[in-house]
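Let's walk through this structure together, one region at a time. Keep the sequence and the 3D view at hand as you read.

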Amino acid sequence: MGLLVLGSLAGAGSASADGDDVHHQGGAVATLDGLKTFDSARIHTGDGKTKSVSAGLFEMNVQGGGRLQTYCIDIHNPTQNKAKYLETPWGQTSLGTNEDAGKILWILRNSYPQAGDLNALAQKSGAGQLSPKTAAAGTQVAIWRFSDGAKVEAKNAQAEKLADWLEAQAQNLQEPKTSLTLGPNAVSGKSGEKLGPVTVHTDADKVSVAADAGIAAGVKVTDKDGQPVTSAVNGTELYFDVPAGTADGTASLSAKTTTQVPVGRAFASASKSQTQILAGSTESTVTATATANWAKKGAIPSVTAEKNCTAGGIDVTVSNAGDSDFTFELAGAEHTVAGGDSKTVTVPVGEDEAYDITVTGPNGFSERFQGVLDCETQGTPPPGTSGGGETPPSAPSPSPSDDTAGGTTGDTTGGTSGETTGGTTGGTTGGGDLAVTGSSSATPMIAGVAVALVAAGGAAMFFLRRKKAAGQ
């Protein structure tokens, strides 16, 4: 009985932590695999002290196949072990308000790993000699100076020269195209019409398109002329062609391609884990989906949502393609959208806070949106606070250590870890300021409750047996 309760509690916690970010409009979805190629750096904190951190390349596994290399653009936040990451527009991260965001892209395109000839990179930058570890560290240090405004330097002299050169040479470039998104990813209308358009945005040469299983008989994915569509390119407009008389219902379509995700794309975590920026990609599978809702008459709603870093919240847009008003509840308030109109409501969310927003309406209508709002970096922390791989409040706090030799990174990954030197990976984590991830202060309590319940169950079985023996 105790073991069953423990399983239920653990399952509930996992479900809560891994909730689907349903407003994601497409692109690569990946799981963090840890810090792989790195060396040491120092952050100068506001109280005149320095903190040692690891600086270098992370790797991620793409859902559906593929591998990514990324750098951190959120130095004072920790990474969470095996965190799920979503390809995200710059405007929905700290890059959206960063005037130097384009300089980070220049660094990515002109340094390691995109610049694979390290001898040429070392000669060009005056670094003398570079290894993958020192090249990655120098690149990360230069990025932090623009992403976080951090006072940071590489410990290795050659890596520091590379960082200085990259910082001096960087130029502002434009945000790269998405690998694949669909916009909007929800449409509505009356049966007998073509519902849309849903526009394909992609950096790939070609995208396959298909209606999902279970689509109502006669409903097709077409272009604006009603011709069936099975492939698309950037800018293609897709429609759900719903024949007249089709029973009220919904349908969805999927777009899919295998491509190299463009360097410079941001990756935001679906949980609280430091934001990353793409430095390199193998051929990776990326997907996007869109849904349609139709009816013969009445209100016909569709809902989309996206992060609004400028306003500090989530923009929830409710559209009504029907011929009567649609009244819905959102964030404790009631709103009405007239037929043929739409309304956007910004739900305030605090920085670094998880959100769980539900739009409800008549006849059981419900749409749910979950995620974490992470739009800012902390910059150089104020005096008395720790930098680099800070430990999240729920995790055990390691002993701080300035300038002491460290160990390895493995299953617990603190992207800006304390005092690890080199690129070794393993099963344990050493070093002073490394964030302890993938754990929770609730674990001992849950285990204790489970043990108590197991004991209670055993006692109950003992007394029942005693009672049965006495009866016999």
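**The disulfide and its surroundings**

Both Cys309 and Cys375 are buried, where buried means under 20% relative accessible area, exposed over 50% and partly exposed in between, with a 1.4 Å probe and protein chains only. Before going further, please note that this is a predicted model, in which local features need pLDDT of at least 70 and side-chain atom pairs count only at pLDDT 80 or more, while totals for chains, interfaces and linings use all residues. Residues are numbered from 1 along each chain as its sequence is written, and side-chain values use heavy atoms, with hydrogens and water left out.

Cys309 and Cys375 are joined by a disulfide, S to S 2.1 Å; the term stands for a pair of cysteine sulfur atoms within 2.5 Å. By this rule the count comes to 1 disulfide. The pair ties together distant parts of the chain, 66 residues apart: Cys309 sits in the loop between β17 and β18, and Cys375 in the loop between β23 (366-372) and α6 (442-471). The angle about the S-S bond is -70°, and the link of Cys309 and Cys375 is left-handed.

**The chain as a whole**

Now step back to the overall picture. The secondary structure of the protein chain comes to 6 helices and 23 strands; these are DSSP runs numbered from the N terminus, helices being H or I with at least four residues and strands E with at least two. Of the 472 residues of the protein chain, 47% count as buried. Contact means heavy atoms within 4.5 Å, and among contacts between residues at least 6 apart in sequence, 70% join residues at least 24 apart.

**Two open sheets**

An open sheet of 3 strands runs in the order β17-β18-β21, with antiparallel pairing; two strands pair if DSSP finds at least two bridges between them. Because β17 (301-308) and β21 (341-348) stand at the edges with a single partner strand each, one side of each is left without a neighbour in the sheet. On average, neighbouring strands of this sheet are turned by 20° against each other, direction ignored; the axes behind such angles are lines fitted to C-alpha atoms, for helices over the stretch in contact, and angles run from 0 to 180 degrees between N-to-C directions. β17 pairs with strand β18 (residues 313-320) in the antiparallel sense over 8 bridges, and Ser302 has Ser319 of β18 as its bridge partner.

Another open sheet has 5 strands in the order β7-β16-β13-β9-β11, and its pairing is mixed. Here β7 (186-190) and β11 (231-232) are at the edges, each with a single partner strand, so one side of each lacks a neighbour in the sheet. β7 and β16 pair in the parallel sense over 5 bridges, with Ala295 in β16 as the bridge partner of Lys190. By contrast, strand β13 (residues 249-260) and strand β16 (residues 283-295) pair in the antiparallel sense over 12 bridges; there, Ser252 has Thr291 of β16 as its bridge partner.

**Helices that cover one another**

Next, look at the helices. Because 7 of the 10 residues of α2 are buried, this helix is largely enclosed by the rest of the structure. The buried residues are Ala101, Gly102, Ile104, Leu105, Trp106, Ile107 and Leu108, and their cover includes β3 (67-72), α4, α5 and β15 (276-281).

Helix α5 (residues 157-169) has 13 residues, which at 1.5 Å a residue should span 18 Å, and its end C-alpha atoms are 18 Å apart, in agreement; the expected span is 1.5 Å times one less than the number of residues. At its N-terminal end α5 is capped by Asn156, with a side-chain oxygen 2.9 Å from the backbone nitrogen of Gln158. In α5, Ala159, Glu160, Leu162, Ala163, Trp165 and Leu166 are buried. An α-helix has 3.6 residues a turn, so residues three or four places apart point the same way. The cover over the buried residues of α5 includes α2 (101-110), α3 (118-125), α4 (132-147) and β5 (152-154).

**Ser147 and its contacts**

Finally, visit Ser147, which lies in helix α4. Ser147 counts as buried because its relative accessibility is 6%. Leaving aside neighbours within four places in sequence, Ser147 is in contact with Cys72, Ile73, Asn98, Ile104 and Thr377. One of these, Cys72, counts as buried because its relative accessibility is 0%.

Terms used. Polar contact = N/O pair within 3.5 Å; in protein donor to acceptor, adjacent residues only side chain to side chain.
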